[in-house]
Amino acid sequence: MKNNKLLWIIGIITFVAALSGALTAFFIAKDKQRKDDEELMEYLDSAIE
């Protein structure tokens, strides 16, 4: 019984850590893509002029 509780706690901590890592990676990739899009728009605007 006590061992089962410990496994649940470890499982929850593992799940939270994995979710946190996935969300961090997602937001970093999204931010990088936004910056790349902004740079591309600046380049295109300056190329048109």
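This is a predicted model: local features need pLDDT of at least 70, side-chain atom pairs count only at pLDDT 80 or more; totals for chains, interfaces and linings use all residues.

The side chains of Asp36 and Lys32 are joined by a salt bridge, with N and O 3.2 Å apart. Asp36 and Lys32 lie four residues apart in helix H1, so about one helical turn separates them. Asp36 has a relative accessible area of 36% and is therefore partly exposed. Lys32 counts as exposed because its relative accessibility is 51%, and the cut-off for that class is over 50%.

In all, the structure holds four salt bridges. Side chains of opposite charge can pair when their charged atoms come close.

| Pair | N to O distance |
|---|---|
| Asp36 and Lys32 | 3.2 Å |
| Lys35 and Asp31 | 3.6 Å |
| Arg34 and Glu38 | 2.8 Å |

The pair Lys35 and Asp31 has its closest N and O atoms 3.6 Å apart, inside the 4 Å limit for a salt bridge. Four residues separate Lys35 from Asp31 within helix H1, which means a spacing of about one helical turn. Lys35 is partly exposed, at a relative accessible area of 45%. Asp31 is also classed as partly exposed, with 29% relative accessibility.

Arg34 and Glu38 form a salt bridge in which the closest N and O atoms are 2.8 Å apart. Both residues belong to helix H1 and are four residues apart, so they too are about one helical turn from each other. The relative accessibility of Arg34 is 42%, which makes Arg34 partly exposed. Glu38 is partly exposed as well, at 40% relative accessible area. Through salt bridges that share partners, Asp31, Arg34, Lys35 and Glu38 are connected into one network.

Which residues make up the nonpolar patch on the surface? The patch is formed by Trp8, Ile12, Phe15, Val16, Leu19, Leu23, Phe26 and Phe27. Together these residues have about 880 Å² of accessible area. One of them, Val16, is located in helix H1, which covers residues 2-48. Is Val16 buried, exposed or partly exposed? Its relative accessibility is 49%, so Val16 counts as partly exposed.

Key: Residues are numbered from 1 along each chain as its sequence is written. Side-chain values use heavy atoms; hydrogens and water are left out. Patches are made of residues with over 30% relative accessible area and no salt bridge: like charges are joined within 9 Å, nonpolar side chains (Val, Leu, Ile, Met, Phe, Trp, Tyr) within 5 Å. Accessible areas come from the Shrake-Rupley method with a 1.4 Å probe; for residues, only the protein chains shown count as cover. Helices (H or I, at least four residues) and strands (E, at least two) are DSSP runs, numbered from the N terminus. Buried means under 20% relative accessible area, exposed over 50%, partly exposed in between (1.4 Å probe, protein chains only).
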